[in-house]
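I opened my notebook to look up a few features of this model.

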Amino acid sequence: MAGIGMIILVGVVVNNAIVLVDMINRRRSEGLSRSEAILDAGSHRFRPILMTSFTTIGGLLPMALGNAAMIGTPYAPMGLTLIGGLFTSTFLTLLAVPVLYTLFDDLSLFFRRIGQWMYVGKKQEAVAQETIKDQ
């Protein structure tokens with residue numbers, strides 16, 4: 001049951017991260033800088049993320065603390081897994097996702113610059129080859 005709880009947890013955590021990244025991207029498309037967009041999205045999505053996580057945790061408390069079992073299968077391990085994972089992942093989402101967003105954005109800029117450098121280099125090489133042929 002704890003394994004099933006982990007699978008459910010991954011879906012919830014990814015959803016929170018997607019919502020946060022989507023808000024950051026929307027703010028950037030509106031013209032805000034990367035750091036302003038991250039701060040603005042974090043402040044706007046902070047309360048909804050906390051509310052979603054804590055209401056889910058509250059709803060899972062009876063499952064985690066109860067001793068009821070359906071068809072002989074205890075559900076407490078799944079409840080405990082979900083509660084612990086949601087509690088931890090909520091704060092990691094609010095802290096780690098903006099940091100990883102910044103790192104991946106820097107990485108994409110780096111590769112874009114390399115691509116432009118290679119394109120310009122090949123273009124200059126082609127022009128040089130044409131000049132040599134003309135002579």
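**Rings.** I noted first that the model is predicted. I then looked up the aromatic pairs and found three in the structure. A pair of aromatic rings is described by the distance of the centres and the angle of the planes. For phenylalanine 87 and phenylalanine 91, the ring centres are 5.4 Å apart and the planes stand at 75°. Edge-to-face applies to planes over 60 degrees apart, so I logged this pair as edge-to-face.

**Where they sit.** I placed both phenylalanine 87 and phenylalanine 91 in helix H3, which covers residues 76–134. They are four residues apart, about one turn of the helix. An α-helix has 3.6 residues a turn, so residues three or four places apart point the same way.

**Cover.** I checked how accessible these two are. Phenylalanine 87 has a relative accessible area of 45% and is partly exposed. Phenylalanine 91 is also partly exposed, at 35%. Ring pairs join Phe87 and Phe91 with Phe54 in a cluster.

**Patch.** I found a nonpolar surface patch made of Val99, Leu100, Leu103, Phe104, Leu107, Phe110 and Phe111. Together they have about 720 Å² of accessible area. I looked up leucine 100, one of them. Leucine 100 lies in helix H3 and is partly exposed at 42%.

**Helix H2.** I turned to H2, residues 34–65, with 32 residues. From first C-alpha to last, H2 reaches 43 Å, close to the expected 46 Å. Where does H2 bend? I found a bend of about 40° at arginine 45, with proline 48 following within four residues. Buried residues in H2 include Ala37, Ile38, Ile49 and Leu60.

Technical notes
Residues are numbered from 1 along each chain as its sequence is written. This is a predicted model: local features need pLDDT of at least 70, side-chain atom pairs count only at pLDDT 80 or more; totals for chains, interfaces and linings use all residues. Side-chain values use heavy atoms; hydrogens and water are left out. Rings of Phe, Tyr and Trp (its six-membered ring) pair if their centres lie within 6.5 Å; planes under 30 degrees apart count as stacked, over 60 as edge-to-face and the rest as tilted. Helices (H or I, at least four residues) and strands (E, at least two) are DSSP runs, numbered from the N terminus. Buried means under 20% relative accessible area, exposed over 50%, partly exposed in between (1.4 Å probe, protein chains only). Patches are made of residues with over 30% relative accessible area and no salt bridge: like charges are joined within 9 Å, nonpolar side chains (Val, Leu, Ile, Met, Phe, Trp, Tyr) within 5 Å. Accessible areas come from the Shrake-Rupley method with a 1.4 Å probe; for residues, only the protein chains shown count as cover. A salt bridge is a side-chain nitrogen of Lys or Arg within 4 Å of a carboxyl oxygen of Asp or Glu. The expected span of a helix is 1.5 Å times one less than its number of residues. The bend at a residue is the angle between axes fitted to the seven residues ending there and the seven starting there.
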